[in-house]
Amino acid sequence: MISVIYGAQGSGKTAKIMTAANAAAEKATGQVIFITDNAQSLGLGADVRFVNLAEFKVTDSNQFIGFIKGMLAANFDIQKVYIDGLCRLLNTTAADLKPIFDAMADVGAAVDFTVAVSADSLPEFLKKYAA
């Protein structure tokens, strides 16, 4: 399953996705991952695996897809992945995220993704994922 939290910059997406990750970690039977580019864990609970994407020098969609697939291949216990600020992480717009969401949908049966996207409105391909 994939869900998207969207809104303009400064609309509270990070707080929502952090709250969701912390709540999921309390109930999860597998690992909960939180990916962002911030060097701090932003108040995430100890049960949430924090990943600072900036440390891995991922800069485009292909690298990001490879990063996600590699992470999932290396750890079969990952149950939920939260991605904060995907447009910011890859310096792109919501309209250019289709390859990433297609890749997440391909592995989506095994893991749930929640993604925060900065956009006032969603492109058509993302509307079905709106939370």
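In the predicted model, T36 is located in strand β2, which spans residues 31-36. T36 has a relative accessible area of 0% and is therefore classed as buried, the cut-off being under 20%. Its side chain forms a polar contact with the side chain of R88, at 3.2 Å. When residues up to four places away in sequence are left out, R88 is also listed among the residues that T36 touches, together with L42, F50, V51, N52, L53, A54, D84 and L89.

The largest nonpolar core comprises 35 residues, of which I35, I83, L86 and F101 touch the most other members. At least two residues of this core are supplied by each of β1 (2-7), β2, α2 (61-74), β4 (78-83), α3 (86-90), α4 (98-107), β5 (112-118) and α5 (124-127), and the greatest contribution comes from α2, with six residues. Another core, of 13 residues, lies apart from the largest one and includes I17, V48, F50 and A116. In soluble globular proteins, nonpolar side chains tend to be buried together.

For I35, with neighbours within four places in sequence set aside, the contacts comprise V51, L53, F67, I68, M71, V81, Y82, I83, D84 and L89.

Conventions:
Residues numbered from 1 in each chain as written. Predicted model: local features only at pLDDT ≥ 70, side-chain atom pairs only at ≥ 80, totals over all residues. Heavy atoms only, no water. Helix = DSSP H or I, 4+ residues; strand = E, 2+ residues; numbered from the N terminus. Buried < 20%, exposed > 50% of the residue type's maximum accessible area, 1.4 Å probe, protein only. Polar contact = N/O pair within 3.5 Å; in protein donor to acceptor, adjacent residues only side chain to side chain. Contact = heavy atoms within 4.5 Å. Core = buried A, V, L, I, M, F, W, Y, C linked by side-chain atoms within 4.5 Å.
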